[in-house]
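I opened this entry to keep track of what I looked up. The notes go from the whole chain down to single residues.

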Amino acid sequence: MNFVFILNSMALGAGLAMDAFSVSLANGLHEPHMNGKRMSVIAGTFAFFQFLMPMIGWICVHTLLTYFNAFSKWIPYIALALLAYIGGKMLYEGITGKDDEAGEAGNGTLFMQGIATSIDALSVGFTIAEYELAEALIASLIIGAVTMAICLAGLEIGKRFGMKFASKATMAGGIILILIGLEIFISGVF
């Protein structure tokens, strides 16, 4: 392991974390009064999935490659469906003033956000396929750590804007999630 390996892993983590950053921004807008513990849980969820997905991809390459290839074409559709559902729900809540979760994304919503924003990281398992297990694990840990830092920044930025624009924050967060889903779908299908 050398400096280039670490730098490449960090750059890969930053690239993969952009969707999670955007969703963190939306969560910060939606929950402008969240505390540090809640921020850590949200960022930690995204970091966990960004760590886990490349490892799953790596394992698939080394064990279940034919099954994964059949599944990979559905990744953009799954991400779009999950993010459109969550974003649509937030948009509906913002328009109608009904907020079923009292301003806080529930565990199920957070779980779906974690999967939806990291599902494209499964393909990273292909790019790190030549790594030994220890290297793949370290690269995935670096990706997770970078994601954690980027998501904490997104949450903080979202909170600051959420406090200033609280009445429109839920709608903005929903629109952001829907747009991320569309971006993943369009880039994955076309």
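My entries follow in the order I made them.

**Ground rules**

I am working on a predicted model, where local features need pLDDT of at least 70, side-chain atom pairs count only at pLDDT 80 or more, and totals for chains, interfaces and linings use all residues. Numbering starts from 1 along each chain as its sequence is written, and side-chain values use heavy atoms, with hydrogens and water left out.

**Whole chain**

I looked up the secondary structure first. The chain comes to eight helices and zero strands. Helices (H or I, at least four residues) and strands (E, at least two) are DSSP runs, numbered from the N terminus. Along the sequence I read the pattern α-α-α-α-α-α-α-α.

Next came burial. I noted that 47% of the 190 residues count as buried. Buried means under 20% relative accessible area, exposed over 50%, and partly exposed in between, with a 1.4 Å probe and protein chains only.

Then I checked contacts, meaning heavy atoms within 4.5 Å. Among contacts between residues at least 6 apart in sequence, 90% join residues at least 24 apart.

**Nonpolar core**

I asked which residues have the most contacts inside the largest nonpolar core. They are F46, L83 and Y131, in a core of 37 residues. Six helices each supply at least two residues of this core: α1 (3–30), α2, α4 (75–96), α5, α7 (133–164) and α8 (166–189). Helix α2 gives the most, with nine residues. A nonpolar core here is a set of buried Ala, Val, Leu, Ile, Met, Phe, Trp, Tyr and Cys residues joined through side-chain atoms within 4.5 Å. In soluble globular proteins, nonpolar side chains tend to be buried together.

Skipping residues up to four places away in sequence, L83 touches V23, G88, A116, L177, I178, I180, G181 and I184.

**α2 against α5**

I took this helix pair next. Helix α2 (residues 36–62) packs on helix α5 (residues 107–118) at about 40°, with the axes 9 Å apart. Axes are lines fitted to C-alpha atoms, for helices over the stretch in contact, and angles run from 0 to 180 degrees between N-to-C directions. The two helices are therefore oblique to each other. On the scale I use, angles under 35 degrees count as roughly parallel, over 145 as roughly antiparallel, 65 to 115 as roughly perpendicular and the rest as oblique.

The crossing of α2 and α5 is right-handed. From α2, the contact uses R38, V41, I42, T45, F46, F49, Q50 and M53. From α5, it uses L110, F111, Q113, G114, I115, T117 and S118. I sorted the contact by class: eight nonpolar, six polar and one charged residues. Ala, Val, Leu, Ile, Met, Phe, Trp, Tyr, Cys and Pro count as nonpolar, Asp, Glu, Lys and Arg as charged, and the others, Gly among them, as polar.

**α1 against α2**

I found these two packed at about 160°, with axes 11 Å apart. That makes α1 roughly antiparallel to α2. The crossing is right-handed. Helix α1 brings L16, A17, A20, V23, S24 and N27, and α2 brings I42, F46 and Q50. The classes are six nonpolar, three polar and no charged residues.

**α1 against α5**

The axes of α1 and α5 come within 9 Å and cross at roughly 150°. That makes this pair roughly antiparallel. L16, D19, A20, V23 and N27 of α1 meet L110, Q113 and T117 of α5. I counted four nonpolar, three polar and one charged residues by class.

**Single residues**

I checked F49, in helix α2. Is F49 buried or exposed? It is buried, at 7% relative accessible area. Beyond four places in sequence, F49 touches P54, F111, G114, I115 and S118. F49 and A20 are 29 residues apart in sequence and 9.9 Å apart in space, C-alpha to C-alpha.

S9 sits in helix α1. S9 counts as buried, at 3% relative accessibility. Leaving aside neighbours within four places, S9 is in contact with A139, I142 and I143.

G44 is partly exposed, at 24% relative accessible area. G44 and A149 are 105 residues apart in sequence and 9.3 Å apart in space, C-alpha to C-alpha.

How values were computed
A crossing is left-handed if the near helix is turned anticlockwise from the far one by less than a right angle, and right-handed if clockwise.
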